Structures are given as C-alpha cells and as structure tokens.
Amino acid sequence: SCKVVDTLKHDVSQIRDISVGGILFTTDRAFDSSTVLELKLRLPEEEEPVNVEVHVVDSKAKVKSIVYHTIVKFVNLSEKDKNSISKMVERKLRGSK
C-alpha cells in the first residue's frame, strides 16, 4: 500500500504494479501530468515506510469520479530505497512462478 501526501490531503491507496522505475496505483482523483507527489510506501519487509518523491506520468479514470489509475515515476530515489523496492519486486516475481 502507499500513502499519497500533497498539500491538499493525504490518501491511502492500493498499489497495482511497481518496479524500480515507478508505480501504478489507484487514487480517488485525477492528477495532472508532472505533478510532484510524496509517497510513503509500506513494503513487506521494511519496518518503516519508505518515503519517495514521484512525478505523475498519467492519471486516467477507471470509474469516472471514483477510481483513477495513476502512473508515476520515481525521482531522486536513494540507493537504499531502490534496493528495497528491487528486492520486493524480485520476491514477487519468484513467488508468481
């Protein structure tokens, strides 16, 4: 799961897909392209949330005015956070075979 933090409000969201490059997640509103967001990611094997900065690439309605799929790319991702995300992705890929 992830928490979207911007100047307006905090949202809790469900991650649909994640890679070391970015995330696809559901939101309750659309975001303009290039919007900068701070996400707090809860990764399975990390005790504390991972705080990351992202830029919105796209945000499209799945159910108009209710559910949006938002695609973001990581910006200035630290090596530690990149490694944590990479390990989680690798575990998920191994587990899905």
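1. Let me start with arginine 29, which forms a salt bridge with aspartate 28, the closest N and O atoms being 3.8 Å apart. The term salt bridge here stands for a side-chain nitrogen of Lys or Arg within 4 Å of a carboxyl oxygen of Asp or Glu. Arginine 29 is buried at a relative accessible area of 17%, while aspartate 28 is partly exposed at 39%. The cut-offs are under 20% relative accessible area for buried, over 50% for exposed, and partly exposed in between, with a 1.4 Å probe and protein chains only.

2. A word on the model before going on: it is predicted, so local features need pLDDT of at least 70 and side-chain atom pairs count only at pLDDT 80 or more, whereas totals for chains, interfaces and linings use all residues. Residues are numbered from 1 along each chain as its sequence is written, and side-chain values use heavy atoms, with hydrogens and water left out. The mean pLDDT of the chain (the predictor's confidence in each residue, from 0 to 100) is 86, and 88% of its residues reach 70 or more. Elements are DSSP runs numbered from the N terminus: helices are H or I with at least four residues, strands E with at least two.

3. The structure holds two salt bridges. Besides the pair above, lysine 60 forms one with aspartate 58, with the closest N and O atoms 3.2 Å apart. Aspartate 58 is partly exposed, at 28% relative accessible area.

4. Strand 7 (residues 67-75) pairs with strand 4 (residues 22-27) in the antiparallel sense over six bridges. Strand 6 (residues 50-63) also pairs with strand 7 in the antiparallel sense, over nine bridges. Pairing requires that DSSP finds at least two bridges between the strands.

5. Threonine 70 is worth a look in strand 7. Its relative accessible area is 0%, so threonine 70 is buried. Its side chain makes a polar contact with the side chain of serine 59 at 2.9 Å. A polar contact is a pair of N or O atoms within 3.5 Å; within protein, one must be able to donate a hydrogen and the other to accept it, and residues adjacent in sequence count only if both atoms are side-chain atoms. Not counting residues up to four places away in sequence, threonine 70 touches several residues, among them Arg29, Asp58 and Ser59; contact means heavy atoms within 4.5 Å.

6. The hairpin of strand 6 and strand 7 has three residues between the strands, and serine 65 there takes a positive phi near 65 degrees. Isoleucine 66 lies in this loop and counts as exposed at 53% relative accessibility. Leaving aside neighbours within four places in sequence, isoleucine 66 is in contact with Thr27 and Asp28.

7. Finally, the largest nonpolar core has 18 residues, and those with the most contacts inside it are Ile18, Ile23, Leu39 and Leu41. Such a core is a set of buried Ala, Val, Leu, Ile, Met, Phe, Trp, Tyr and Cys residues joined through side-chain atoms within 4.5 Å. Strand 6 gives the largest share of this core, four residues.
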